[in-house]
Amino acid sequence: MAEIAVASERQTAIRLLACIQAAGDRSNAGRWGDDVVCVLHSQSRLQALDFWMRNPDYLANELITEFEISGERDLLTIAQSIFDDREPELRRFPMVRYLFGAFEPLDNALAILRAADLVRVKRDGVPGGKIREHIYLLTIAGEDALERIAAAAPELGWYRERAHIVARVAGAQGGKALKDRQYLQAEYAGTQLSHVIEPVTSQVLARLTGVLGGLGK
Amino acid sequence: MSGGWLETVAEKVGMRPVEAELALRKRGIVADRPLRPARTLTIRRIAFKGVKRGIVTGPIDFDWSELTAGVWAVTSQRNLRGKSTVLEILLWALRGTPKGLQDDVRRWLSWVCVEFDVDDEHYLVEFAVEERIPRGTLARRRSSGEIDELDRFISEDGFEAAMAQFMMNTLDLDPITAMQGQEDERQVVEHGWAALSGGIYFGGDHKQLLGDVQMAGLPARMLQMYIGMPWATTVMQAGTAKRELEQESERASKSAAASAKDAEAARVRIERELQAAKKLLDSFAQETGTAVELERLAGEVARLSPIAFDLARRLDRAEAEATELERLANADERAVRNLRENIVATQFFNGLQPVCCPRCETRVSSERLKRESADLSCSICAEEIPIDELEGASDMLDAIEQRFTAARAAADRARATAKALKEKSKASSNEFENARQELAKAATSATFKERRKAELDVARLEGALKERHVPAAPAVASPDLALVRAAHAEADRAYRAGRGDILDRLNREILTLGQRLGVQMLEEVKLNSNATLLLTKGGEPTTFSKVTAGERLRLRIATATALIRVGHERGLGRHPGLLIVDSPASEEVSPDDLTAVLSELQAISRETEGLQIIIGSANASAITDQLGEQWCRAATGDDYLW
């Protein structure tokens with residue numbers, strides 16, 4: 001590729017908003033405020049979810065893995081559609097590998113969400129000391145905004161749909177556990193620190209074909 | 001008037017005389033030398049020193065000098081007292097190699113000197129003997145007494161070579177050549193001085209008339225040589241060369257005949273094999289595996305190969321092109337989508353009212369919000385809000401969308417082209433592969449191999465047969481053969497013309513001398529050309545080999561002396577006039593007979609100029625009585641001569 005595709009801050013903001021909305025915990029959310037709809041714990045979890053948002057080939061691989069565990073056929077259908085829609089070519093936004101996994105500063109994009117009070121960020125920990133974790137709170141306005149964005153353009157609606165798939169794959173696992181899963185991908189783990197994570201499209205496609213072929217028999 | 005020998009010979013074979021002379025000389029054939037009287041060899045001194053060892057001891061110092069022509073004798077009362085040794089030492093000095101010298105005596109010797117004259121020239125052979133080996137010189141003594149060294153030697157072989165060279169030259173002798181050996185394997189041998197010197201020595205058991213080398217033809221040749229029969233030497237030389245060349249020629253023609261026979265056998269065999277190979281080849285006639293079919297398949301492979309290769313290359317290019325165009329189309333598609341998402345997102349986010357500062361969480365005041373809508377200054381950071389941020393965005397979107405549509409269409413077309421090419425390339429490469437396999441199959445099929453082998457066999461055998469049809473080269477006789485034959489014929493003619501009555505004259509002389517030397521009842525002598533002597537004794541025909549040893553000795557001396565005398569008479573011949581006679585007493589019937597023989601020999605020697613006879617005999621008193629002490633060296637009683 002001639003140049004690495006970089007998402008704009010606003011696209012990133014929508015992606016993060018969708019992730020928080022899809023993966024946030026709705027129980028006891030009211031504890032954080034009357035207008036808080038759900039809560040997402042930790043930046044590393046958000047980063048891990050975002051990694052799958054930005055790397056459709058890795059996500060497809062996880063879907064196949066999930067299928068092999070659960071046997072849910074629609075997981076394969078989703079994986080298949082990812083390739084049919086040429087997502088690895090059109091929707092991949094490469095990420096740099098950082099010390100604990102895929103990482104990209106999210107502050108600018110979160111600022112866009114925060115300024116309009118769509119999302120609130122709480123920092124858990126001793127005041128003045130080390131921040132233990134970030135906690136992302138989705139407001140009613142935030143959920144409403146996502147609804148409106150999805151309605152405004154089908155391309156943007158894709159983010160909300162995709163975030164639900166990612167959340168399904170991630171389950172209730174925390175950031176650390178998710179990164180460990182992502183490490184399992186040989187290509188990912190094989191990428192050196194501070195290098196762009198390489199695509200695994202052809203391998204995953206071959207895996208999918210193999211699995212589908214096995215089902216056909 | 002006819003030409004000379006060389007001219008005639010050259011003309012017969014169409015050569016120039018000079019060429020013919022050179023060619024003949026290379027074969028060892030030369031014209032007869034001009035007639036001239038024989039040289040005369042006279043012993044002047046026999047001397048030797050040494051030390052006796054063994055049963056008898058003491059110094060040896062023998063010196064017998066002042067010898068001249070005439071009859072001389074070494075004699076002892078008893079046998080084995082050294083008379084033969086004196087003669088043997090003399091022969092050693094003259095021949096350069098001893099004849100019958102006892103080995104122990106040779107060890108005793110330390111110095112030998114023999115002086116002799118050839119006509120008016122004085123020569124001396126002087127050598128030291130160390131452990132039997134002679135080391136010394138051959139020299140000429142001028143009348144003034146000064147010495148000219150002629151040759152020197154430090155070994156037995158060197159001594160023999162030196163004396164042979166000297167004697168053959170000085171006495172005008174030619175080596176006698178002859179063919180010797182088994183039929184077809186005869187080789188030219190040359191008899192030189194060692195054999196020819198047999199003509200001056202009369203010892204042993206007198207088996208042959210002349211000399212003592214037991215070889216058929218040699219005595220006859222020696223006789224011809226010593227009597228100086230004109231052209232005899234040339235006839236002999238040419239005869240030997242002719243036999244040698246004829247043998248060569250015969251061998252060559254035999255071998256040519258043998259190879260012609262072999263070639264014919266091979267031809268018949270090849271013809272038979274060729275028929276078989278042709279028959280085999282015919283049996284393949286209808287098979288497909290012919291060379292022509294193979295050629296067609298090879299041609300097909302050659303035709304298809306570049307097509308398949310070209311298509312594969314074009315496919316590679318088309319696929320690369322399609323991939324690149326798809327990449328560009330994807331980039332454009334991404335750009336379209338990003339732009340569209342950004343437009344919507346920007347419109348959406350711009351439409352939201354700011355609530356708080358994302359940095360400090362401070363709520364945005366109503367004054368700031370008012371100012372923003374009035375002054376277009378950001379309610380959070382107070383920066384100027386660009387109102388035209390989205391202006392032209394839809395134009396740009398249109399442009400990128402068009403670009404994307406075009407790129408996608410191009411990519412699709414390229415992919416379609418690549419796909420079509422792929423089909424064609426695959427078909428072409430299949431076709432090529434099939435042709436290749438067919439060719440490989442045809443080339444390796446058993447039938448083809450066998451047929452190919454049969455074809456090759458036929459071609460090979462036809463070639464071999466063609467080669468065999470070239471007739472075998474006939475044996476080429478040496479070009480010298482005709483020349484040598486002509487030389488032999490002409491020399492033989494001259495020999496027959498020149499010999500005249502020489503043989504008759506010799507016969508008469510031998511008869512007279514034989515009668516004088518006391519051969520009983522000798523009535524007729526007939527010398528054959530092969531040097532056998534037919535005799536008539538007491539009315540009965542007999543031969544040399546059938547008479548007694550004493551008579552044989554007398555006849556030998558008579559023959560040699562006759563050669564000398566007839567030679568003198570006619571001014572030719574080569575016998576040097578020296579006779580060395582070693583005769584044990586047994587051959588002398590009685591002292592009276594001996595006295596008679598000696599007396600007659602003295603008379604003959606007086607009649608024959610330059611004749612020198614040196615006799616070794618055991619009958620001391622009879623000899624000294626007859627010859628006189630001054631002509632003898634005698635040992636009396638048990639004494640030794642030296």
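**Close-up views of a predicted two-chain model**

**View 1. A:Ala79 sits in helix α4 (residues 73–84) of chain A.** Helices (H or I, at least four residues) and strands (E, at least two) are DSSP runs, numbered from the N terminus. This is a predicted model, where local features need pLDDT of at least 70, side-chain atom pairs count only at pLDDT 80 or more, and totals for chains, interfaces and linings use all residues. Residues are numbered from 1 along each chain as its sequence is written, while chains are lettered from A and ligands numbered from 1 in the order in which they are written. A:Ala79 counts as buried because 28 other C-beta atoms lie within 10 Å; the cut-offs are 20 or more for buried, 12 or fewer for exposed, and partly exposed in between, with C-beta atoms placed from the backbone. Beyond its neighbours within four places in sequence, A:Ala79 has contacts (C-beta atoms within 7 Å) with A:Ala60, A:Leu63, A:Ile64 and A:Leu208. Look also for A:Asp57: its C-alpha atom is 8.6 Å from that of A:Ala79, though the two are 22 residues apart along the chain.

**View 2. The largest nonpolar core has 111 residues.** Such a core joins buried Ala, Val, Leu, Ile, Met, Phe, Trp, Tyr and Cys residues through C-beta atoms within 7 Å. Among those with the most contacts inside this core are B:Leu90, B:Leu579 and B:Ile613. Helix α15 (residues 549–570) of chain B gives the most to this core, with 9 residues. Setting aside neighbours within four places in sequence, B:Leu579 touches B:Ile200, B:Phe202, B:Ile557, B:Ala560 and B:Ile613 by the contact criterion.

**View 3. Strand β6 (residues 133–141) of chain B pairs in the antiparallel sense with β5 (residues 121–130) over 9 bridges.** Pairing requires at least two DSSP bridges between the strands. B:Glu130 stands opposite B:Ile133, and in the hairpin, with 2 residues between the strands, B:Glu131 has a positive phi near 50 degrees. β6(B) also pairs in the antiparallel sense with β7 (residues 147–153) of chain B, over 6 bridges. Here B:Arg141 has B:Ile147 as its bridge partner. This hairpin has 5 residues between its strands, and B:Gly145 in the turn takes a positive phi of about 100 degrees.

**View 4. B:Trp231 has a positive phi near 65 degrees.** Most residues other than glycine have a negative phi. B:Trp231 lies in the loop between α7 (218–227) and α8 (232–283) of chain B, and is buried, since 22 C-beta neighbours fall inside 10 Å.

How values were computed: Contact = placed C-beta atoms within 7 Å.
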